Amino acid sequence: MNRSNDRAEVSLHGETVNRFVRHATLRQLQLLEAIVRLGSFTRAAEEMFLTQPTVSMQIKKLTDTVGMPLFLQVGRNVEPTDAGREVFSACRSILRTLGDLEIKLADLKGLRSGRLRLGVVTTAKYFAPEILGAFCEQFPGIDVALKVTNRIRIIERMAAHDDDLYIFGEPSNSGSEVEATYLAPNPLIILARTDHPLVGQSQISLARLAEERFILREPGSGIRDSIVRIFTQQGLRPRVRMELGSNEAIKHAIIAGLGISALSAHTLTLDGGAGRLAMLDVEGFPIERSWYLVHPKGRELSTIAKAFLAFAVDREREIRATLEHTFTLLNAHATSVDPQTISNT
């Protein structure tokens, strides 16, 4: 009797496995993982570059395969059911195994061919493509994928092992154990329109700065977190006039006279503000911050990822030189910080 039950359980298990093999697809598992991680069909669709109806259709097919609901609607977000959590756990395991396989296969190919996946916070997009371009010139057989998003999303991607390496600041505050390699300086500066009354003044206090209207990035931005923390430490609060989702939008808003802002000097490396932005001389600024190349602690890097890490670190001097040129352009419009300041960052 017991043997009969055992055979029935094995048969049932085999039937379930066969059903998944026949009907579930890797894309469906990737979508479910993204929906659970992001809490939204819409955000998952954006991340996977698909339309929301396509995502909904694929999840419906996966639900039919499982035979039980996978998600519950909770306000504007969705949460996994018990069945959804079980499938999510399996998805993570499957995707991690495939990622490890990709690393091993890439190592067998060496640097002749393969793929590098790099995730960077928004501000790093001003120099990361140049590093990737130079790397691809040296290793033309390697394909690269670059994901640019805010700090919170990058940390989520790192937790899901979506990429090989990540570029962001303050890795100790990522919420997980990571290995971080210093890449380059990332000074935080205060910008205003060139005709702003504070342009040309020396050693402006934070208290005086707090009287101005600020334009900040959206919640989840590392720069926003830094500037709010700096004011909070002095018992002050910035007067936030508006929140914008990109550095370009903030620069345009400053030029339009809507307020001042705190931005990384890297956001000006391409045009130095085109002569319409000035750097204010504020006490304690530029804030000395740094960029790091980061990956989860204990995660094995592929030969390609190791090669890129070493290649990127060697570009630090060029990144620093570009920043010094940017400071020179900014100082042409205001008697503020000496460009040599970042040489000590």
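**Figure 1. Helix 6 packs against helix 11 at an angle of about 120° in this predicted model.** Helix 6 covers residues 128–138. Helix 11 covers residues 303–313. Their axes lie 11 Å apart. The crossing of the two helices is right-handed.

**Figure 2. Residues at the contact of helix 6 with helix 11.** Helix 6 contributes Ile131, Leu132, Ala134, Phe135 and Gln138. From helix 11 come Ile304, Ala307, Phe308, Phe311 and Ala312. Which classes do the residues of this contact fall into: nonpolar, polar or charged? Nine are nonpolar and one is polar. None is charged.

**Figure 3. The buried residues of helix 10.** Helix 10 runs over residues 247–255. Asn247, Ile250, Lys251, Ala253 and Ile254 are buried here. These residues cover an arc of only 160° around the axis, so they sit on the same side of helix 10. What covers them? The cover includes strand 7 (188–193) and strand 8 (213–217). It also includes strand 9 (239–244), strand 10 (261–264) and strand 11 (277–279). Gly257 follows helix 10. The phi of Gly257 is positive, near 85°.

**Figure 4. Arg213 and its contacts.** Arg213 belongs to strand 8, and strand 8 is among the elements that cover the buried residues of helix 10. Is Arg213 buried, partly exposed or exposed? Its relative accessibility is 39%, so Arg213 counts as partly exposed. The cut-offs behind this are under 20% for buried and over 50% for exposed. Leaving aside residues up to four places away in sequence, Arg213 touches Arg239, Arg241, Leu258, Gly259 and Ile260. Val240 is 27 residues from Arg213 along the chain. The C-alpha atoms of Arg213 and Val240 are separated by 5.9 Å.

Figure 5. The protein has 345 residues. Buried residues make up 49% of them. How many of the contacts between residues at least 6 apart in sequence join residues at least 24 apart? The share is 77%. The pair Arg213 and Val240, 27 residues apart along the chain, gives a local view of such a sequence separation.

Definitions and conventions: Residues are numbered from 1 along each chain as its sequence is written. This is a predicted model: local features need pLDDT of at least 70, side-chain atom pairs count only at pLDDT 80 or more; totals for chains, interfaces and linings use all residues. Side-chain values use heavy atoms; hydrogens and water are left out. Axes are lines fitted to C-alpha atoms, for helices over the stretch in contact, and angles run from 0 to 180 degrees between N-to-C directions. Helices (H or I, at least four residues) and strands (E, at least two) are DSSP runs, numbered from the N terminus. A crossing is left-handed if the near helix is turned anticlockwise from the far one by less than a right angle, and right-handed if clockwise. Contact means heavy atoms within 4.5 Å. Ala, Val, Leu, Ile, Met, Phe, Trp, Tyr, Cys and Pro count as nonpolar, Asp, Glu, Lys and Arg as charged, and the others, Gly among them, as polar. Buried means under 20% relative accessible area, exposed over 50%, partly exposed in between (1.4 Å probe, protein chains only). The arc is that of the directions from the helix axis to the C-beta atoms.
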